[in-house]
Amino acid sequence: MWLVVPVLVLTALCGIWTVVMVVRDESPPGDRFFALLAVLLAVLVVQLVVGLVQLSTTSRDVPTATFVSYLFTVVLAVPFGAALALVERSRWGNGALLVALLTVAAMETRLDQLWRLAGA
Amino acid sequence: MPEPTTPAAGTVREISTGPGRILVAAYAVFAVAATGRSLVQLGTDADRAPLAYSLSLLAAVLYLVATGCLLSGGPTARRVALVSVVVEAAGVLVVGTLSYVATDLFPDKTVWSHFGQGYGFLPLVLPFLGLWWLRETGKATLP
């Protein structure tokens, strides 16, 4: 799939940054972090649109319901993690954000897998 | 700035704060994953493995309840969370064992099959983390 690499790179950058914030006990995350997170969110929204278009035009036998729900849920994970980091202003809040980012990475990998397996 | 984490004398610590936030994030992920999985399974071919799919739905409900309790907090949420986490622990242990010894019962996988192997064994770890957290926060501090 087309946007897997940028999504995974951005998620990794956000994840590493979050680990640094956990180690330094910086919370809540600053504006610059949220700017990067917003870029990730924007790319995920683009992926949602592109994914739906590709799904409707592809000849691959992609499991539609699963694929679509992953496309939507992966977008929701980012604001959920951000909200937890803002509500819980401690290391734990940033830890929860990290869980959300790991989820994005796992879901993105699964999305890619669903697409590839359908092409085989 | 870290918030003060010491609870007032004679009170129990709120389950929705501190490490509870990590749990809520993890539970929310599994709530969504299990709900999505069970709906897709029941919606596409419910007849193929009714037991497995019903268990997926049960897991989904339990994860949703636990997520809600951890988000809201309070004494009632604590009690409900305890019940759901205990059932969840029992579920993953029973289904995990059965999926190895009675494979014919499960023609398709559930979230709990093989102790949650498909999900990095997190379904096995989560209820025990939940129990630990409920116990940890439930310790009343003496006045």
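Buried means under 20% relative accessible area, exposed means over 50%, and partly exposed is whatever falls in between (1.4 Å probe, protein chains only). The model is predicted, so local features need pLDDT of at least 70 and side-chain atom pairs count only at pLDDT 80 or more, while totals for chains, interfaces and linings use all residues. Residues are numbered from 1 along each chain as its sequence is written, chains are lettered from A and ligands numbered from 1 in the order in which they are written, and side-chain values use heavy atoms, with hydrogens and water left out.

**View 1. Arg48(B) pairs with Asp108(B) in a salt bridge.**
A salt bridge here is a side-chain nitrogen of Lys or Arg within 4 Å of a carboxyl oxygen of Asp or Glu. For Asp108(B) and Arg48(B), the N to O distance is 3.3 Å. Asp108(B) sits in the loop between α3 (75-101) and α4 (122-138) of chain B, and Arg48(B) in the loop between α1 and α2 (50-72), so the pair ties together parts that are 60 residues apart in sequence. Helices (H or I, at least four residues) and strands (E, at least two) are DSSP runs, numbered from the N terminus.

**View 2. Chain B meets chain A at an interface with 15 residues on each side.**
Contact means heavy atoms within 4.5 Å, and by that rule 15 residues of chain B touch 15 residues of chain A. The size of an interface is often given as the accessible area lost when the parts come together. Here, the two chains bury about 1300 Å² between them, with 71% of it on carbon and sulfur atoms. That buried area is the accessible area (1.4 Å probe) that two parts lose on being put together, summed over both. What crosses the interface? The rule finds one salt bridge, plus two residue pairs in polar contact, both at pLDDT 80 or more. On the side of chain B that touches chain A, the residues split into 11 nonpolar, two polar and two charged. For that tally, Ala, Val, Leu, Ile, Met, Phe, Trp, Tyr, Cys and Pro count as nonpolar, Asp, Glu, Lys and Arg as charged, and the others, Gly among them, as polar. A polar contact is a pair of N or O atoms within 3.5 Å; within protein, one must be able to donate a hydrogen and the other to accept it, and residues adjacent in sequence count only if both atoms are side-chain atoms.

**View 3. Arg21(B) reaches across to Glu88(A).**
The closest N and O atoms of this salt bridge are 2.8 Å apart. Arg21(B) belongs to helix α1 of chain B. Is Arg21(B) buried or exposed? Its relative accessible area is 12%, so Arg21(B) counts as buried. Leaving aside residues up to four places away in sequence, Arg21(B) touches Leu84(A), Val87(A), Glu88(A), Trp92(A) and Ala96(A), along with Ser16(B).

**View 4. Arg116(A) and Asp112(A) form a salt bridge within one helix.**
Their N to O distance is 2.8 Å. Both residues lie in helix α4 (residues 91-119) of chain A, four residues apart, or about one turn of the helix. Arg116(A) is exposed at 56% relative accessibility, whereas Asp112(A) is buried at 12%.

**View 5. Arg24(A) and Glu26(A) make another salt bridge in chain A.**
Here the closest N and O atoms are 3.4 Å apart. Arg24(A) is exposed, with a relative accessible area of 58%, and Glu26(A) is partly exposed at 34%. Over all chains, a search of the whole structure finds four salt bridges.

**View 6. Leu48(A) is buried in helix α2 of chain A.**
Helix α2 covers residues 31-57, and Leu48(A) has a relative accessible area of 13%. Which residues does Leu48(A) touch, not counting residues up to four places away in sequence? They are Leu71(A), Phe72(A) and Val75(A). Ser27(A) is 21 residues from Leu48(A) in sequence, and their C-alpha atoms are 30 Å apart in space. For context, chain A has four helices and zero strands, and buried residues make up 47% of its 120 residues.
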